[in-house]
Amino acid sequence: MGAVSSMPPADDGPPVTNALAPGDWIESAERLRLVVVAGPDEGRAIELRAGTYFVGTAPTCELVLADSSVSRRHLEIAVTATGIHVRDLGSTNGSYFQGARFDSITVGSGAPVFIGQSELRFLGEARAAAERTAKFAAFIGGSAVVRELTAKLEKMAASDAPVLVEGETGTGKEVIAEAIHDGSARAGKRLVVCDLAAVSRSLIESELFGHVKGAFTGAHHDRDGAFVEADGGTLLLDEIGELDLEVQPRLLRALERGQVKAVGATGYRDVRVRIVAATNRDLSAEVAAGRFRRDLYHRVAVFRITVPPLRQRREDIPLLARHFLAHVAGASNRPSPVIPPAAHAALACYDWPGNVRELKNVMERAFALDPNARVLEPGLLGLGADAGAGLPIGPDGQPGQGADVRFHEAKERLVQAWERDYVAALLEQCGGNVSLAARSSGIDRGHLHRLIKKHALG
């Protein structure tokens, strides 16, 4: 790891031309891309071949960023037969790898570099495709349940049929709706969110269908409802399970005929809207109990998807935690702290009743408590008193031996969390080079490949 650069800020002259022939870059058959995975320029990318590239806000750079905390010529990247050589060009705010500021480093495919408020990754073609899939789903994770969910979402987005998204509070149902909309032919139109649980019963019809002036006390002017606002786009009916029975027939008509009538109006208006409904209830059980119309249920549940709670995809917790921590650190123009094994163990053993939303809040709070920390100590997480059904966390931040958890289950949780963290850190340290990681750790290369696949780290 290089020392902090003492070089003066580089000028904005023309970039160095690519001097190396394509054959000089010895890599797997995959093509290499530099992708902005987080920050103001998220999604921007360039393809890398043998040669030299510059990253910064100057228009002469190959990768031009709008991130105001990035210098005009911030990084120099040289792709050679020996790897990817990254050099900080005397930037104002520095460049970071694994939580430490560097002058120059050599990395491999998959390595993350942080500059300003942005996270950059060097991705091989297959890894880049996985990133695009994760971005499409707006759902971070490499677990089997997330991969299955992403595959379903791709198919649903290609259709125009209604989708019912079910899941516990905080699992990301609205994020799923956004991903369906963004991946559809309606992406250029509006996504309108109507939270049915937040609207009083007396105003729900006006909220959905609009009203005309004088239709009721307080109706001082005409108002378009959510259906009209979303015309041509997507309408998310959030918490549809809270909708009263007497309003459900009007919603059914709007869905079946594509027509809505504002409160107090005499005629109907045609609308073209794709419906995504979300609920934390089991709507089929609500139908059986007589609280939700069967015909409306079948209308909104042409596609049906259940978002898993975080406790059912614990292997995604380290990736999510690092993502949220990097995001909040980047917003403060600070490097992201390293999450040590003890903190990862505490995160893995907690049962997350508030799901992903709670994890995001925990990481933001931990950073706010010590924004200058280079290492995120377990005590900053504040999970000890709220361990729930998970393992209790001791005063040293280590998981305890809760009597409500069987010994072998508790041991397996800790082993799996430690194993994944070890392999992830090993790959990061070796720049994604599996051969080097196997040699430096003493792990058989074949066994290391199996661990990478097991924990979805490849």
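At 34% relative accessibility, N333 counts as partly exposed (buried means under 20% relative accessible area, exposed over 50%, partly exposed in between, with a 1.4 Å probe and protein chains only). N333 lies in the loop between α9 (317–331) and α10 (341–349), where helices (H or I, at least four residues) and strands (E, at least two) are DSSP runs numbered from the N terminus. The structure is a predicted model, in which local features need pLDDT of at least 70, side-chain atom pairs count only at pLDDT 80 or more, and totals for chains, interfaces and linings use all residues. Residues are numbered from 1 along each chain as its sequence is written, and side-chain values use heavy atoms, leaving out hydrogens and water.

Most residues other than glycine have a negative phi. E239 sits in the loop between β16 (234–238) and α6 (248–257) and is buried, at 13% relative accessible area.

Buried residues of α9 include I317, L320, F324 and V328.

As for confidence, pLDDT (the predictor's confidence in each residue, from 0 to 100) averages 79 over the protein, and 81% of the residues score at least 70. Over residues 385–405 the pLDDT is below 50. Residues 1–30 also stay under 50. Where pLDDT is low, the predicted coordinates should not be read in detail.

Conventions:
Contact = heavy atoms within 4.5 Å.
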